[in-house]
Amino acid sequence: MPEVVGVDISGRHEEAGEYLMVAAAVHARIDSARIRSVEGMGFAAVREGPTLDATVALTAEAVGNLPEPPSGPIVAEGGEFYEEPAERVGLSFQPEFKYVESIGERETVQAAHHAAYAARTLLL
């Protein structure tokens, strides 16, 4: 069963004059249409404005905080990294990076979205 790591960032907007971005990485086994199991989650937070470099570094830190290193690709929605080509964004990730292609991958990114939002809410 394929492994992927869905990633998402919450908090790209300024609130009360400051930023709090939280990235979540959800390591999961999936089939083409859904998550079959969650293997682990990683988080990272930073009080920095949303730039491409800041979002890529924050996401890489969340992936690095997973309990086990993933063997499958890191996946994200196309807008997560400002529509930059996957080849450019992928330079910061191991084993590889790609944008969502299947429903199962999209479900993993959606799980990361909910995790990042919930973690950010707890930190505020």
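Tutor: Happy to! Buried means under 20% relative accessible area, exposed over 50%, and partly exposed in between (1.4 Å probe, protein chains only). This is a predicted model, where local features need pLDDT of at least 70 and side-chain atom pairs count only at pLDDT 80 or more, while totals for chains, interfaces and linings use all residues. Residues are numbered from 1 along each chain as its sequence is written, and side-chain values use heavy atoms, with hydrogens and water left out.

Student: Is Glu 3 buried or exposed, and what is its relative accessible area?

Tutor: Apply the cut-off of under 20% for buried. Glu 3 is buried, and its relative accessible area is 15%.

Student: Which side chain does Glu 3 meet in a salt bridge?

Tutor: A salt bridge here is a side-chain nitrogen of Lys or Arg within 4 Å of a carboxyl oxygen of Asp or Glu. Side chains of opposite charge can pair when their charged atoms come close. For Glu 3 the N to O distance is 3.1 Å, and the partner is Arg 29.

Student: How many residues apart in sequence are the parts that Glu 3 and Arg 29 tie together?

Tutor: Helices (H or I, at least four residues) and strands (E, at least two) are DSSP runs, numbered from the N terminus. Glu 3 lies in strand β1 and Arg 29 in strand β2, so the parts tied together are apart in sequence by 26 residues.

Student: What span does helix α3 reach from its first C-alpha to its last?

Tutor: The expected span is 1.5 Å times one less than the number of residues. Helix α3 covers residues 103–123, which is 21 residues. Its reach is close to the expected value, and comes to 30 Å.

Student: Within what arc do the buried residues of α3 fall?

Tutor: Among the buried residues of α3 are Gly 104, Val 109, Ala 112 and Arg 120. The arc is that of the directions from the helix axis to the C-beta atoms. The buried residues line one face of the helix, because seen down the axis of α3 they fall within an arc of 150 degrees.

Student: Which residue forms a salt bridge with Arg 120?

Tutor: Arg 120 counts as buried at 7% relative accessibility. The closest N and O atoms are 3.3 Å apart, and the partner is Glu 15.

Student: Which residue meets Glu 105 in a salt bridge?

Tutor: Glu 105 is buried, with a relative accessible area of 6%. The N to O distance is 2.6 Å, and the partner is Lys 98.
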